[in-house]
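Colleague: I'm new to this one and would like a close look at a single part. Could you pick a spot and walk me through it?

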Amino acid sequence: MSSVQPFSPQALIELALKRGVLKFGEFTLKSGRISPYFFNAGLLNDGEALSLLASGYADKLMNCESVSVIFGPAYKGIPFVAATASALWQQHGVNVPWGFNRKEAKDHGEGGMLVGADVKGQRVWIIDDVITAGTAIREVVDILQAAGATIAGVLVALDRQEKGQGELSAIQEVEKQLNIPVHALITMQDLMDYLKKNNRSDDLAKMQDYREKYGV
């Protein structure tokens, strides 16, 4: 049985490349922008990959304030938040309740949109993969606030560090509009540092060009 390597941005980048989660090339985003890289956290779909990601989330949460409940937006955020709760306990001895939302309200059994930990009166950290436009995060924030929760912050795997609709990035817009911190495990700058360290000059040049156009 192999143990999970300690989390570092480089470890996550290397594993993401190995799994095809992170690809360099030419990709058309929903926004219409031609991006020199693509990150699909849904492909972190085995035990090793999920454990490394959860270890990073757990490490980051240990340096955050008011972690009373952690929450994963449906659907990608559900395995992330479950694994993170487990990592917090196994690696840090911290027992944090976790929950998630359904896409549609359930009208039988316990009913409603929320599953898991009771969020009423709690300060909740939301855990997700990326914030692209911020729409999905705002929807989850509305659901949580309607249930009586206070949003403590958001934790994502990747910060693309690029402009949203205006001059701010999607993450900066969320921080400003909701007045909450948003932290990331890796950033576009981490990806560029990795390319530089590994002498991938062509990919690095494309990343630099893209950042000059769209970066914040």
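**A close look at one side chain and beyond**

Modeller: Let's start with glutamine 177, whose side chain makes a polar contact with the side chain of arginine 138, at 2.7 Å. Keep in mind that this is a predicted model. Glutamine 177 sits in helix α5, which covers residues 170-178. Its relative accessibility is 53%, so glutamine 177 counts as exposed, the cut-off being over 50%.

Now compare arginine 33, found in the loop between β1 (22-28) and β2 (34-39). Arginine 33 has a relative accessible area of 15%, and because that is under 20%, it counts as buried. Its side chain reaches two backbone oxygens: that of lysine 163 at 2.8 Å and that of glycine 164 at 3.4 Å. Leaving out residues up to four places away in sequence, arginine 33 also touches others, including Phe27, Glu162, Tyr210 and Tyr214.

Finally, the nonpolar side. The largest nonpolar core has 46 residues, and Phe39 and Ile70 touch the most other members. Helix α2 (residues 47-61) gives this core its largest share, seven residues. Beyond its neighbours within four places in sequence, phenylalanine 39 is in contact with Ala16, Val21, Leu22, Val130, Ala157, Leu158 and Ile186. There's also a second, separate core of 21 residues, with Ile137, Val141, Val156 and Ala184 among them.

Terms used
Residues numbered from 1 in each chain as written. Predicted model: local features only at pLDDT ≥ 70, side-chain atom pairs only at ≥ 80, totals over all residues. Heavy atoms only, no water. Core = buried A, V, L, I, M, F, W, Y, C linked by side-chain atoms within 4.5 Å. Buried < 20%, exposed > 50% of the residue type's maximum accessible area, 1.4 Å probe, protein only. Helix = DSSP H or I, 4+ residues; strand = E, 2+ residues; numbered from the N terminus. Contact = heavy atoms within 4.5 Å. Polar contact = N/O pair within 3.5 Å; in protein donor to acceptor, adjacent residues only side chain to side chain.
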